[in-house]
Amino acid sequence: MSAIMNRLFYKPLNRGEFAVRFFILFFVIAISRSAMMASGSRAVLFVVLTLYLFSITIRRCRDFNVSTSKIVIICIIMCIPLASFIEGLYLCFKKGLSYYGE
């Protein structure tokens, strides 16, 4: 279990990898909103995608040594639709620490 937690939340993510995953995630969300799906399956998909968004956000914040309390605030901001897009763009373009790749 610790290997999974390490992979999901602790391994830093550079800005290129974050940008690709972030935009794919928003593309999937946009398609799922317009697709004909049952409300139950749409809710499950939304929860899974939100958890994945939190995972990549936490990993990106670890790339530039953000404290845990600030990571919690950033994840709360990611729950607001327009703010999450703006915050995601900021995280895409913010330069990380050099020893993590970018």
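How much of the accessible surface of the chain belongs to carbon and sulfur atoms? Of a total of about 6600 Å², the share is 72%, with areas taken from the Shrake-Rupley method with a 1.4 Å probe. This is a predicted model, in which local features need pLDDT of at least 70 and side-chain atom pairs count only at pLDDT 80 or more, while totals for chains, interfaces and linings use all residues. Residues are numbered from 1 along each chain as its sequence is written, and side-chain values use heavy atoms, leaving out hydrogens and water.

**Overall fold**
- The chain holds five helices and zero strands, where helices are DSSP runs (H or I) of at least four residues and strands (E) of at least two, numbered from the N terminus.

**Helix 3**
- Helix 3 (residues 39-63) has 25 residues that should span 36 Å at 1.5 Å a residue, which agrees with its end C-alpha atoms being 36 Å apart; the expected span is 1.5 Å times one less than the number of residues.
- Its buried residues (under 20% relative accessible area, 1.4 Å probe, protein chains only) include Leu49, Leu53, Ile56 and Cys61.
- Among the elements covering these buried residues are helix 1 (2-10) and helix 5 (81-93).
- Asn65, which follows helix 3, has a positive phi, near 50°.

Notes. Buried < 20%, exposed > 50% of the residue type's maximum accessible area, 1.4 Å probe, protein only. Contact = heavy atoms within 4.5 Å.
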